[in-house]
Amino acid sequence: MSQKKLIHGFHAVNARLFQSPKSLVELFVAAGRDDRRMQDVLDKAASENVRVISVDTARLDAMTGRARHQGVAAVIDVSHRIVNVDDVLDTLNEPPLLLILDGVTDPHNLGACLRVADAMGVHAVIAPKDRSAGLNATVSKVACGAAEVVPYVQVTNLARCLRDIKDRGIWIAGTDMDASTDLYHCDAAGPLAWVMGSEGEGMRRLTREHCDLLVSIPMFGTVESLNVSVATGMVLSESRRQRVLAAG
């Protein structure tokens, strides 16, 4: 049975359009907007036979509750989900930015991580099937729509998945409070997968051994640790900041 949902904004729409085009039911675009970014969306929609409806800005405002829709929205069938990491990587037109959650079992934390992943333009969130929270109503509520947009891929063998990612030229970076390199002095602008462990135990040993880079998050107050979603937001934000600077 199909489950329809409205998404909006270029990042959310492009994620579906390029990675799971069959999930798009209808695409709504602002009438009169003909810049390059919109044209790329329209060209891709045409190639995938997605129905495009041109509407005025007032209707888009009403549809999205006056959210920052950027002139584009879409009705999607959320029952169509991306389930393979290769499906995601094969469609990218920029260096991959991935988030790997090793042992994050709390649905509130997963929802918060998905929300920040969407905000920072992460292409997919990956987790092991045996030590992770699944997508449920709590996750969707906390994620505020990101659970229906960001590909969430659960893999049987995380170590094998990490090896496959490395074979594609993507660096694996993990966080460790005792690491000699800190977040603000590492190269996080290229193809990268951030690994975040559980709050209590951190990354598993085998996961840690697959990391090309370990970094610490500088702490300037009295607390010794951060919630996993907060730490995730910090590392992803630094990657995005470095990419923006590198792009000039």
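The model is a predicted one. Its open sheet is built from 7 strands in parallel pairing, in the order β7-β6-β5-β10-β8-β11-β9. UniProt, in an unreviewed entry, places the feature "binding site" at Gly197, Ile217 and Leu226, and one of these residues, glycine 197, has its place in strand β10 of that sheet.

**The sheet and its pairings**

- The edges of the sheet are taken by β7 (152-155) and β9 (181-182), each of which has a single partner strand, so one side of each is left without a neighbour in the sheet.
- Strands of a sheet pair through backbone hydrogen bonds, in either a parallel or an antiparallel sense.
- Strand β5 (residues 97-102) pairs in the parallel sense with strand β6 (residues 124-128) over 3 bridges, and β5 also pairs in the parallel sense with β10, over 6 bridges.
- Leucine 98 stands opposite alanine 124 in β6, and leucine 98 also stands opposite alanine 193 in β10.
- Between β8 and β10 the pairing is again parallel, with 4 bridges, and here alanine 173 stands opposite tryptophan 194 in β10.

**Cover over strand β10**

- Strand β10 is mostly covered, in that 6 of its 6 residues are buried.
- This cover extends to both faces of β10, with Leu192, Trp194 and Met196 buried on one side and Ala193, Val195 and Gly197 buried on the other.

**Helices across the sheet**

- Helix α5 (residues 107-119) lies across β5, β6 and β7, and runs at about 170 degrees to β5.
- Helix α9 (residues 228-247) lies across β5, β8 (171-175) and β10 (192-197), and runs at about 165 degrees to β10.

**The annotated binding-site positions**

- The positions that UniProt lists under "binding site" in its unreviewed entry are Gly197, Ile217 and Leu226; they span 30 residues in sequence, yet no two of their C-alpha atoms are more than 13.7 Å apart, so they gather at one spot.
- From this set, Gly197, Ile217 and Leu226 are included in the lining of the second largest pocket.
- Glycine 197, in strand β10, counts as buried because its relative accessibility is 13%, which lies under the 20% cut-off for a buried residue.
- When residues up to four places away in sequence are not counted, glycine 197 touches Asp102, Val104, Gly202, Met203 and Val228.
- Isoleucine 217 has its place in the loop between β11 (213-216) and α9, and counts as buried at 14% relative accessibility.
- Not counting residues up to four places away in sequence, isoleucine 217 touches Thr175, Leu226, Ala231, Met234 and Val235; Leu226, one of these partners, is itself among the positions that UniProt lists.

**Valine 78**

- Valine 78 has its place in the loop between β4 (72-77) and α4 (85-89), and its 14% relative accessibility means that valine 78 counts as buried.
- Although valine 78 and serine 23 are 55 residues apart along the chain, their C-alpha atoms are separated by 6.8 Å.
- With its neighbours within four places in sequence left aside, valine 78 is in contact with Gln3, Lys5, Arg16 and Glu148.

Conventions
Residues are numbered from 1 along each chain as its sequence is written. This is a predicted model: local features need pLDDT of at least 70, side-chain atom pairs count only at pLDDT 80 or more; totals for chains, interfaces and linings use all residues. Side-chain values use heavy atoms; hydrogens and water are left out. Two strands pair if DSSP finds at least two bridges between them. Helices (H or I, at least four residues) and strands (E, at least two) are DSSP runs, numbered from the N terminus. Contact means heavy atoms within 4.5 Å. Axes are lines fitted to C-alpha atoms, for helices over the stretch in contact, and angles run from 0 to 180 degrees between N-to-C directions. UniProt positions are given in the numbering used here, feature names are shortened, and annotations may be inferred rather than shown by experiment. On a 1 Å grid over the protein atoms alone, a cavity is a set of points where a 1.4 Å probe fits but cannot get out, and a pocket is an open set with protein on both sides within 12 Å along at least five of seven lines; lining residues have an atom within 4 Å of a point. Buried means under 20% relative accessible area, exposed over 50%, partly exposed in between (1.4 Å probe, protein chains only).
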